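My notes follow the order in which I looked.

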Amino acid sequence: PYDVLVVGGGPAGASAAIYAARKGIRTGILAERFGGQVMDTVGIENFISTKYTEGPKLAASLEEHVKEYNVDVMKLQRAVRLDKSDFIEVELENGAVLKSKTVILSTGARWRNVGVPGEAEFKNKGVAYCPHCDGPLFAGKHVAVIGGGNSGIEAAIDLAGITSHVTVLEFAPELKADAVLQDRLYSLPNVTVHKNVQTKEITGTDKVNGISYIERDTGAEKHVELEGVFVQIGLVPNTDWLPDHIERTRFGEVVVNNHGATSLPGVFAAGDCTNSPYKQIIISMGSGATAALGAFDYLIRH
Ligand code: FAD
């Protein structure tokens, strides 16, 4: 069996694997897609100490760094079940069962898509999902935020300070964000809110040039010219394969303590699949280190 088996090969998993391997313990890492969400990212400007890098380049360095150590790297493998008996068992889609004394879950998350024409086509060409990451790219420009929940309205307030104008599109007749966020939003001079509207299409040529939506009460179609669209309709953690006795929030995020431990002894978690309030590369790496050190502490006590 492994001492530490890391499930997920994004920034959190890579960091956890390196920290574990540096303790000289038997470490494995399995990942469906090594690099994780970083592989979908073009410019990265907030990975501190590196002024600018690009997703695939960072993903390649993550893998190269992991391979500096004695770590079993299992790529293109998907975990489908986790159980605990004498050891923690992780079953793969291909039927193999891996055993380990501790497991670190770092399966990340995915942004929910709106699924309208133009969204996939203009991803990274005006369609964005992370205001902390991509907000500054739209300085002085007009952007839309799709989604009027807390994350959408937080994004709109954030973007209003950077961009020239923010248009918020909410499907429901009312915003779902907390009242305090709505008050703050409505106090800003450069924000327009459209409620009860359905996004129809993100338009553009080589990059985004506008958004079309339908007013649900009148059926009228409207088009707004703008340069960017932030989709903020939810981040879904990749945790639906886990057993019920690993505690999760109502959003499906694995609940961890400050040692990265979950409610199941020996199982730790890190990164975007957890209840960490902010989902960023640097934060995932930090929590991966925490989870590995937490797992090591657990091992020397059991
Ligand atoms: P992920 O990167 O999501 O990695 C999850 C890993 O788990 C992957 O290897 C995946 O294949 C694997 N996996 C999932 N399920 C299973 C399973 N069942 N079995 C096996 N493996 C599984 N952050 C920044 O700090 N700066 C940025 O500029 C930035 N830009 C972004 C741009 C885009 C378009 C996106 C989508 C995100 C961006 N982020 C950015 C966020 C950042 O990418 C994430 O916070 C970070 O990648 C999370 O790391 P993670 O390791 O927790 O999860």
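**Entry 1: α1 and α6**

I started with the contact between α1 and α6. On the α1 side I listed Pro-11, Ala-12, Gly-13, Ser-15, Ala-16, Tyr-19 and Ala-20. They meet a set of α6 residues, among them Ile-281, Ser-284, Met-285, Gly-288, Ala-292 and Phe-296. Two residues are in contact if their C-beta atoms, placed from the backbone, lie within 7 Å. By class, this contact has 13 nonpolar, five polar and no charged residues. Nonpolar covers Ala, Val, Leu, Ile, Met, Phe, Trp, Tyr, Cys and Pro; charged covers Asp, Glu, Lys and Arg; the others, Gly among them, are polar.

I noted that this is a predicted model, where local features need pLDDT of at least 70 and side-chain atom pairs count only at pLDDT 80 or more, while totals for chains, interfaces and linings use all residues. Residues are numbered from 1 along each chain as its sequence is written.

Next I looked up the geometry. The axes of α1 and α6 come within 7 Å and cross at roughly 35 degrees. Axes are lines fitted to C-alpha atoms, for helices over the stretch in contact, and angles run from 0 to 180 degrees between N-to-C directions. The crossing of α1 and α6 is right-handed. Right-handed is when the near helix is turned clockwise from the far one by less than a right angle, and left-handed is when anticlockwise.

**Entry 2: α1 and α2**

I turned to α2, residues 55-67. Its axis lies 9 Å from that of α1, at an angle of about 15 degrees. Therefore α1 is roughly parallel to α2 (angles under 35 degrees count as such). Their crossing is left-handed. From α1 come Pro-11, Ala-14, Ala-17 and Ile-18, and from α2 come Leu-62, His-65 and Val-66. I recorded six nonpolar residues, one polar and no charged.

**Entry 3: α4 and α5**

Which helix does α4 pack against at about 30 degrees? I found α5 (residues 179-186), with the axes 10 Å apart. That angle makes α4 roughly parallel to α5. The crossing is left-handed. In α4 I listed Asn-150, Ile-153, Glu-154, Ala-156 and Ile-157, which meet Leu-181, Gln-182, Arg-184 and Leu-185 in α5. This contact has five nonpolar, two polar and two charged residues.

**Entry 4: domains and ligand**

I checked the domain assignment, which gives domain 1 (2-111 + 235-301) and domain 2 (127-231). Their C-alpha centres lie 33 Å apart. Each domain gives at least three residues to the shell around the ligand.

Which residues come nearest to the ligand? Of the 38 around it, they are Gly-8, Gly-10, Gly-36, Gly-108 and Gly-271. Near means a C-beta atom, placed from the backbone, within 6 Å. By class, I noted 17 nonpolar, 15 polar and six charged residues in the shell.

Key:
Domain bounds come from an automatic or database domain assignment. Helices (H or I, at least four residues) and strands (E, at least two) are DSSP runs, numbered from the N terminus. Angles under 35 degrees count as roughly parallel, over 145 as roughly antiparallel, 65 to 115 as roughly perpendicular and the rest as oblique.
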